Amino acid sequence: MPYFYLNAFIDSRLFISPFFSRRLDESAHQPQVAAAMTFVVTDNCILCKHTDCVEVCPVDCFYEGPNFLVIDPDECIDCALCEPECPANAIFSEDEVPKGQEIYIGLNEELAQKWPNITEMKDSLPDAEKWDGVEDKLQYLEK
Ligand code: SF4
Ligand code: SF4
């Protein structure tokens, strides 16, 4: 390569390389899109159904079955407003669902497609007090 062209080639690399390295550096610091999270209704809601939760949900993503409520994971915006409202402590963030109750993550997703939307509070089921805290109520879930 003639001396003139060799010099021009080296100069251009020295000029361009900081530009590209900065671009690469910037792309490495782009904000990452967080994975979508949801809240999940679990075992202790079965046969209680107090419905305090539906009053606070800003996107109306609760769905009502005969003796249980579920949250549609595609609609939940992960605001956490419903969690402290539940008198039965039945609502958890998806990543904090108690061990052994992981099945409710799939049940919320499945039943939200099947049951009607509920947006207003109503009376809890007649034996809600009696069933509050009883373990393993999945066997009583009516779909
Ligand atoms: S407040 Fe709790 S127990 Fe009542 S319907 Fe909502 S999730 Fe179920
Ligand atoms: S976390 Fe927020 S959006 Fe999701 S169900 Fe609860 S109140 Fe609704």
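User: A nonpolar core is a set of buried Ala, Val, Leu, Ile, Met, Phe, Trp, Tyr and Cys residues joined through C-beta atoms within 7 Å. Which residues have the most contacts inside the largest one here?

Analyst: The largest nonpolar core has 29 residues, and those with the most contacts inside it are Val41, Cys45, Cys53, Phe62, Leu69, Val70 and Ile71. Buried means that 20 or more other C-beta atoms, placed from the backbone, lie within 10 Å of the residue's own; 12 or fewer means exposed, and counts in between mean partly exposed. This is a predicted model, in which local features need pLDDT of at least 70, side-chain atom pairs count only at pLDDT 80 or more, and totals for chains, interfaces and linings use all residues. Residues are numbered from 1 along each chain as its sequence is written, while chains are lettered from A and ligands numbered from 1 in the order in which they are written.

User: Which residues of helix 3 are buried?

Analyst: Helix 3 covers residues 103-112, and its buried residues are Tyr104, Leu107, Asn108, Leu111 and Ala112. They line one face of the helix because, seen down its axis, they fall within an arc of 115° (taken from the directions from the axis to the C-beta atoms). On the other side, Gly106 and Glu110 are exposed.

User: What do those buried residues pack against?

Analyst: They pack against strand 1 (39-41), strand 2 and strand 3 (69-71). One of them, Ala112, is in contact with Tyr63, Val70, Ile71 and Asp72, leaving aside neighbours within four places in sequence. Contact means that the C-beta atoms of two residues, placed from the backbone, lie within 7 Å.

User: Back to Phe62: why is it buried?

Analyst: Phe62 counts as buried because 25 other C-beta atoms lie within 10 Å. Phe62 belongs to strand 2 (residues 62-64). Not counting residues up to four places away in sequence, it touches Cys53, Val54, Cys57, Leu69, Ile71 and Ile118.

User: And how many residues apart are Phe62 and Ala112?

Analyst: They are 50 residues apart in sequence, yet 7.6 Å apart in space, C-alpha to C-alpha. Ala112 is buried too, because it has 23 C-beta neighbours inside 10 Å.

User: New topic: which residues are closest to ligand 1?

Analyst: Of the 13 residues that surround ligand 1, the closest are Cys45, His50, Cys53, Cys86 and Ala88. A residue is near a molecule if its C-beta atom, placed from the backbone, lies within 6 Å of it.

User: What about ligand 2?

Analyst: Ligand 2 is also surrounded by 13 residues, the closest being Phe39, Cys57, Cys76, Cys79 and Cys82.

User: Finally, where does pLDDT stay under 50?

Analyst: It stays under 50 over residues 1-28, for which the model has one contact beyond four places in sequence. pLDDT is the predictor's confidence in each residue, from 0 to 100. Where it is low, the predicted coordinates should not be read in detail. The protein chain averages a pLDDT of 84, and 76% of the residues score at least 70.

Conventions:
Helices (H or I, at least four residues) and strands (E, at least two) are DSSP runs, numbered from the N terminus.
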